[in-house]
Amino acid sequence: MARSSETFSKKENIAKKLKRKKEKAERKAERKTHSDKGKDMEAMFVYVDADGNLSSTPPDPKQKRVIKNEEISIGVSRQSTNPQDNIRTGKVTFYNETKGYGFIKDSQSQQSVFVHANGLSQPIKENDKVTFLIEKNEKGPSAIRVKLAS
């Protein structure tokens with residue numbers, strides 16, 4: 001008696017191949033039915049309403065607002081700052097003359113502000129009352145233009 005040339009694993013592999021082909025054909029048919037190709041242009045348009053929301057209906061032309069080019073400002077408007085407003089007063093809580101740095105306690109915010117010898121206008125020592133400006137840098141706020149308060 002002759003034996004079959006197909007083994008169980010061969011039959012199983014053929015069944016898997018047929019199943020994959022069938023699934024692929026089903027996916028292709030589904031893509032074809034849900035395809036956007038061939039739709040008219042109007043169906044592909046999306047409109048933005050006055051609130052910035054997307055909708056499929058065009059906006060009402062009666063509600064259109066006219067904006068003049070002169071009213072549009074790009075960037076940040078300049079703020080007129082008075083340097084006298086930024087001057088702070090405080091008390092020197094720590095100052096090391098040999099290393100050239102210290103800390104000033106701001107009398108308004110009770111914040112401790114770093115001061116370096118390069119930011120001094122006059123020599124200072126601990127417990128002096130001073131006036132200064134605050135400058136922001138990458139390590140935090142630091143005091144500049146430090147003078148003894150009169």
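1. Let's start with the rings. Phe-94, Tyr-101, Phe-103 and Phe-114 form one aromatic cluster. Here, rings of Phe, Tyr and Trp (its six-membered ring) pair if their centres lie within 6.5 Å; planes under 30 degrees apart count as stacked, over 60 as edge-to-face and the rest as tilted. Before you go on, keep in mind that this is a predicted model: local features need pLDDT of at least 70, side-chain atom pairs count only at pLDDT 80 or more, and totals for chains, interfaces and linings use all residues. Residues are numbered from 1 along each chain as its sequence is written, and side-chain values use heavy atoms, with hydrogens and water left out.

2. How many aromatic pairs does the structure hold? There are four. In one of them, Phe-45 and Tyr-47, the ring centres are 6.4 Å apart and the planes are at 55 degrees, so this pair is tilted. Phe-45 has a relative accessible area of 40%, which makes this residue partly exposed (buried means under 20% relative accessible area, exposed over 50%, partly exposed in between, with a 1.4 Å probe and protein chains only).

3. Now for Phe-103 and Phe-114. They make an edge-to-face pair, with 5.8 Å from centre to centre and 70 degrees between the planes. This pair links distant parts of the chain, as Phe-103 sits in strand 4 and Phe-114 in strand 5, eleven residues apart. Phe-103 is partly exposed at 30% relative accessibility, and Phe-114 is partly exposed with a relative accessible area of 30%.

4. Time to zoom out. The chain has three helices and seven strands, and along the sequence they follow the pattern α-α-β-β-α-β-β-β-β-β. Helices (H or I, at least four residues) and strands (E, at least two) are DSSP runs, numbered from the N terminus. Of the 150 residues in the chain, 13% are buried. The chain exposes about 13800 Å², and carbon and sulfur atoms supply 51% of that area (Shrake-Rupley method with a 1.4 Å probe; for residues, only the protein chains shown count as cover).

5. Two strands count as paired if DSSP finds at least two bridges between them.

6. Strand 3 and strand 6 are antiparallel partners over four bridges, with Arg-88 opposite Phe-132 in strand 6. Strand 6 and strand 7 are also antiparallel, over seven bridges; there, Leu-133 faces Ile-144 in strand 7. A hairpin of two residues joins strand 6 to strand 7. Strand 5 runs parallel to strand 7 (residues 140–148), with two bridges between them, and Val-115 stands opposite Ala-143.

7. Strand 4 (residues 101–106) and strand 5 (residues 112–116) run antiparallel and are joined by five bridges. Lys-105 stands opposite Ser-112, and Ile-104 has Val-113 as its bridge partner. Their hairpin has five residues between the strands, and Gln-110 takes a positive phi near 55 degrees there.

8. Is Ile-104 buried or exposed? Ile-104 counts as buried because its relative accessibility is 0%. Leaving aside neighbours within four places in sequence, its contacts (heavy atoms within 4.5 Å) include Val-92, Val-113, Phe-132 and Val-146. Ile-104 and Val-146 are 42 residues apart in sequence, yet 9.8 Å apart in space, C-alpha to C-alpha.

9. Finally, the core. The largest nonpolar core has ten residues, among them Tyr-95, Ile-104, Ile-124 and Val-130 (a set of buried Ala, Val, Leu, Ile, Met, Phe, Trp, Tyr and Cys residues joined through side-chain atoms within 4.5 Å). Strand 3 (88–96), strand 5, strand 6 (129–137) and strand 7 each give two or more residues to this core. In soluble globular proteins, nonpolar side chains tend to be buried together.
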